[in-house]
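Keep the structure open beside you as you read.

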Amino acid sequence: MGLKDTNLRWSLVGGVVAATLSVERLAMAEVPVVFDPASPSTESIRGLFYFVLAITVVIFLLVGGALAYFIWRFREHQGQADTEPPQIYGSHPIELAWTMAPLITVLVIALVVVRSVLEMRTEAPGDGALRVRVIGHQWWWEYQYPDLDVTTANELVVPLSDGDTPRPVHLELESADVIHSYWVPRLAGKTDLIPGRLNRMEFEPTQLGTYTGQCAEYCGTQHANMLLRVNVVSAADFQSWVADQKKPAVNTESAGQRRFMELACANCHTIRGTRAKGVFGPDLTHLMSRETLASGMVPNDHQNLLDWLLDPQDIKPGCRMPDMRLKPADAELLATYLETLK
Ligand code: CUA
């Protein structure tokens, strides 16, 4: 048995290949990293990390170095009598030294961490902050902009905050079911979304771009595919995005739209300007303004949309969208209709 077993060896190879492929599929954009901050709060988190790392490296070198030196210095010599070294007990200076040194180290680390935590803490939206209500669902994100009357899903769009006109983003985090955790490493630390409780976090996006993240609290089968995307756009682009999002959906009166209303789709999804007013699934009014489907899992293109409609459980096993057993012709009609929702 063991690795000599050809079958076992091949299944290991297969596992590695499958894992690589699925990582490939998920990592559609950048892989989230904590070392490349794009907001003041993540800069401060990185600073903390390096500070604690430096302290622990120094301690490691001191302890490891001393250990290595003593092992070498006091190694057993040929013909040496097997004697015990002198025993020290109750030496006040030594006891004090090895109590105080760790105490001071831990105190320093605690103080700088508490200072950062207090700086990042937010009780209410600051001046000029953009308020966004974030609701965690199994396994997608709902975004409501209460002051702008905009609702969208999975891809948060926020304006750039520059020096002259700081525009922090203030998130009000809630959950519709279980505990989730909001984590976009380049923009902010983690904050949990807890049922029956309102948590807040604030960050100031200072670089344009798309930032990916991940639900950071195990929330069920598709936790790993509860991906996050934040698009930081210029103030002007944000204005035009808001203007587009506020519009009701184009009313096509097409066969596809009729199918959408006849099937169960309309019970779970909202398309503003139509009869579809469901709130269980994501708002689809401007579905085509989003780059991805299934909470960041696959690019939002015709084929993926079609595959998703034909069997959501194939792309995202366990997700709350049932396999409606659509006929291919119906799926095609629906996809064509959804593609008008720009
Ligand atoms: Cu939501 Cu993990």
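Predicted model: local features only at pLDDT ≥ 70, side-chain atom pairs only at ≥ 80, totals over all residues.

1. A search of the whole structure finds 10 salt bridges. One of them joins the side chains of Arg133 and Glu174, at 2.8 Å from N to O. This pair links distant parts of the chain, since Arg133 lies in strand E1 (residues 130-137) and Glu174 in strand E5 (residues 169-175), 41 residues apart. Arg133 is partly exposed, with a relative accessible area of 27%, and Glu174 is partly exposed at 21%.

2. Have a look at Glu172 and Arg200, whose side chains meet in a salt bridge of 3.6 Å, N to O. Glu172 sits in strand E5 and Arg200 in strand E8 (residues 199-203), 28 residues apart. Glu172 is buried, with a relative accessible area of 8%, whereas Arg200 is partly exposed at 26%. Both belong to a network of salt bridges that also takes in Arg131 and Asp147.

3. **A three-stranded sheet.** Next, find the open sheet of 3 strands, ordered E4-E10-E9 with mixed pairing. Strands E4 (155-159) and E9 (209-214) stand at the edges with a single partner strand each, so one side of each has no neighbour in the sheet. Neighbouring strands here are turned by 20° against each other on average, direction ignored. E4 and E10 (residues 227-233) pair in the parallel sense over 5 bridges; Val157, for instance, has Asn231 in E10 as its bridge partner. Helix H4 (residues 235-246) lies across E4 and E10, running at about 130° to E4.

4. **A helix with a buried side.** Finally, which residues of helix H9 (residues 328-338) are buried? They are Asp330, Ala331, Leu334, Ala335, Tyr337 and Leu338. These residues cover an arc of only 160° around the axis, which puts them on the same side of H9. The face turned away from that buried side carries the exposed residues Pro328 and Ala329. Among the elements covering the buried residues are helices H5 (255-262), H6 (265-268) and H7 (302-310).

Key
Residues numbered from 1 in each chain as written. Heavy atoms only, no water. Pairing = 2+ DSSP bridges. Helix = DSSP H or I, 4+ residues; strand = E, 2+ residues; numbered from the N terminus. Axes fitted to C-alpha atoms, helices over the stretch in contact; angles between N-to-C directions. Contact = heavy atoms within 4.5 Å. Buried < 20%, exposed > 50% of the residue type's maximum accessible area, 1.4 Å probe, protein only. Arc of directions from axis to C-beta. Salt bridge = Lys/Arg side-chain N within 4 Å of Asp/Glu carboxyl O.
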